[in-house]
Amino acid sequence: MWMAITEEQARATGVVYDLQGTLLEACSCGVLCPCWVGEDPDGGACDAFVAYHFDAGTIKGIDIGGLSLVNVVRIPGKVLTPASGKVAIFVDARATDEQMQALVDAYSGKLGGPLADLAGLVGEVLDVRRASISHEIRDGAGTLRIGDSLFAEMAPFASGAGVTTTLRDTVFSTVPGSPAYVSKASKHTVNLPEYGMVWSFEGRNAIQSDYRIAHAEGA
């Protein structure tokens, strides 16, 4: 059973963050996403979102279970090029100021660990703001909505026996150490003209995953 870690316990054990939940990701590339195997995105650039929902988790002892965070990103070329992408960060409107700051600190790389490695690929944070986020996975199919700004619906591929197709041991992953469920987004739209992010795709790449990401001081 998951046990929330208090701030005192976090200091005593050296746990910086310990997060578990689900991920939904979709982009402008065709299936399968070339970024995960270290290749250039289709068309030379990538428009995408990476959405995390936290079933349970703590950051510096702050409980963030039940919240969501979404990064909407524009990647101008190979994803592994340091400081190349642009991101707008949306934090669950239900988050307290303390929870929001903890999530932003972790996902902007300030707290180190695998999330810092991912944050190192971002060159510019366009904005950080609260939003009402609906992040759902049902029977292997997922949907994400941020008001009128973002909507996506996706479902995973499966084998002839009905087993969900997974992607493992890749050079790049937004969920380090976890297998990804290879999916297709029937619809993926973003309407954020204030950031120069407006697009609409059908039948393009998507990824789902269950994950746990943890980092401890000295690790």
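Here is a short walk through a predicted model, one selection at a time.

**Stop one: the main core.** Start with Tyr-17, Trp-36, Tyr-52, Phe-54, Ile-59 and Tyr-107. Within the largest nonpolar core, which has 44 residues, these six touch the most other members. Now colour the elements that each give two or more residues to this core: the strands β1 (15–27), β2 (46–59), β4 (68–75), β5 (85–92), β11 and β13, together with the helices α2 (97–107) and α3 (113–119).

Next, select Val-70, Leu-144, Leu-150 and Phe-201, which are among the 23 residues of another core, lying apart from the largest one.

**Stop three: Tyr-17.** Return to Tyr-17 and show its surroundings. Beyond its neighbours up to four places away in sequence, Tyr-17 touches residues including Thr-58, Ile-59, Ala-106, Leu-111, Pro-114, Ile-213 and His-215.

**Stop four: His-215.** Is His-215 buried or exposed? His-215 counts as buried because its relative accessibility is 15%, below the 20% cut-off. Leaving out residues within four places in sequence, its contacts are Gly-14, Val-15, Val-16, Tyr-17, Leu-111, Gly-112, Gly-113 and Pro-114.

**Stop five: the β8–β9 hairpin.** Finally, select β8 (residues 141–146) and β9 (residues 150–156), antiparallel strands joined by 5 bridges. Leu-144 has Ala-152 in β9 as its bridge partner. The hairpin leaves 3 residues between the two strands, and Gly-147 in the turn has a positive phi of about 50 degrees.

Methods. Residues are numbered from 1 along each chain as its sequence is written. This is a predicted model: local features need pLDDT of at least 70, side-chain atom pairs count only at pLDDT 80 or more; totals for chains, interfaces and linings use all residues. Side-chain values use heavy atoms; hydrogens and water are left out. Buried means under 20% relative accessible area, exposed over 50%, partly exposed in between (1.4 Å probe, protein chains only). Contact means heavy atoms within 4.5 Å. Two strands pair if DSSP finds at least two bridges between them. Helices (H or I, at least four residues) and strands (E, at least two) are DSSP runs, numbered from the N terminus. A nonpolar core is a set of buried Ala, Val, Leu, Ile, Met, Phe, Trp, Tyr and Cys residues joined through side-chain atoms within 4.5 Å.
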